[in-house]
Amino acid sequence: MIRINDHFLKLQASYLFADIAKRVEHFQASHPDKAIIRLGIGDVTHALPDACIRALHQAVDEMARDQSFRGYGPEQGYAFLREAIARHDFQSRGAEIEADEIFVSDGAKCDTGNIQELFATDIRVAVPDPVYPVYVDTNVMAGRTGIYRNGGYEGLVYLACTKDNGYVPRLPDAPVDLIYLCFPNNPTGAVITREQLQTWVDYARENKALILYDAAYEAFIRDDRLPRSIYEVPGAREVAVEFRSFSKTAGFTGTRCAYTVVPKACQAYGPDGRPVAVRDLWNRRHATKFNGVSYPVQRAAEAVYSPEGQRQVRELADGYLKNAAYVRQAFSDMGFDCVGGDHSPYVWIDGQRDSWAFFDLLLDKAGVVCTPGAGFGRCGQTHIRISGFNSFANVQTAMTRIQAALQ
Ligand SMILES: *Cc1c(COP(=O)(O)O)cnc(C)c1O
């Protein structure tokens, strides 16, 4: 008899986006003339930068000729891309990261989901609340939690991110071993200062813990005092893995390219307490289970680091930031508490009512789709997330409609 991994039975069906789609469909059917404006799903809306498109075309032409054709590449990614990443994203900001500490992949979702395989099943795991659901569900699948009860899984440590702590979690009361952090945050849009990040790095060093730092929204940071990488904080090389993606930063959500940084000094511990290099374990796992990102896509990613590429991705992010700032201003003017939108495409709004009720209100009265915060955890229950991933004209129309609806 073929038996299943019964940890999968603990998973809560994710109805969030299906539920949203159903309500939107129902609204459209009863209001066929109303143009719905979608400010919900976390996907970019603008085309790839021109520099990336040129590099893609050129690489496709190389694949068309025997002399320049490429088959399997290195599992870790081509050196041309890893070297460009190390130079531009880290060394230029004083973070000592080398090309052989970078692992190119087809997504930060896969990497943040897969990394937990390297660690024991009886470790204590801490996740933010609200949370990017991938961190939680992959640990549930691996058997690191108990059952789901009262809006959370037993055995997981939820780090509350609320107005009281400025949406940056406090250190946990009880010790934890694996810590997921995400800044600029999805869904709240909050950022962490260098000093705050230092307290987490110090905590990890004192407790022999490991921080998994998701920096998928790093390109939206506009204040140079804020850390773009955890490796800008002293001591992080020994206790942190960082995830980056070209998805939100360069419009690659449909093209697929990301990378994970595992410094050689980063350690976890064997059964006898002996330190083991996390990099070597990840390298082994990656080379065993993954065969590399396609050559044309890696060339397109490399083009992000050309002077034109840098200008174009900055313009893309600036456009989304302008939208998010407009959303934040509009909701603040209506008297709502908001966070995010200044170094993030997301604005997290405290609606002071049930998040699904607020969702329904905005859809029914304004024809605007947001994301109910309850889908991200207990701390999201009275919040909604609005994203700047749309055109400025649509964002302006959406806010005008919401202002009229809430009067
Ligand atoms: C979008 C997103 C990612 C990136 O996912 P990809 O698989 O690289 O497209 C990673 N983390 C968070 C929190 C995200 O919102």
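## Ligand contacts and overall fold

Visitor: How far is the side chain of Tyr-217 from an oxygen atom of the ligand?
Guide: An N or O atom in the side chain of Tyr-217 lies 2.6 Å from an oxygen atom of the ligand (a polar contact is a pair of N or O atoms within 3.5 Å). This is a predicted model, in which local features need pLDDT of at least 70 and side-chain atom pairs count only at pLDDT 80 or more, while totals for chains, interfaces and linings use all residues. Residues are numbered from 1 along each chain as its sequence is written, and side-chain values use heavy atoms, with hydrogens and water left out.

Visitor: And what about Lys-109 and Lys-248?
Guide: Lys-109 places a backbone N or O atom 2.9 Å from an oxygen atom of the ligand, whereas for Lys-248 a polar side-chain atom lies 3.3 Å from a ligand oxygen.

Visitor: How much of the ligand does the protein bury?
Guide: The protein buries 93% of the 390 Å² that the ligand exposes when taken alone (Shrake-Rupley areas with a 1.4 Å probe).

Visitor: Which residues come nearest?
Guide: Among the 14 residues around the ligand (a heavy atom within 4 Å), the nearest are Asp-214, Tyr-217, Ser-245, Ser-247 and Lys-248.

Visitor: Switching topic, how many helices and strands are there?
Guide: The protein chain has 12 helices and 17 strands (DSSP runs of at least four residues, H or I, and at least two, E, respectively). Its radius of gyration, over C-alpha atoms, is 22 Å, close to the 22 Å that the globule rule (2.2 Å times the number of residues to the power 0.38) gives for 407 residues, so the chain is as compact as a globular protein of that length.

Definitions and conventions. Polar contact = N/O pair within 3.5 Å; in protein donor to acceptor, adjacent residues only side chain to side chain.
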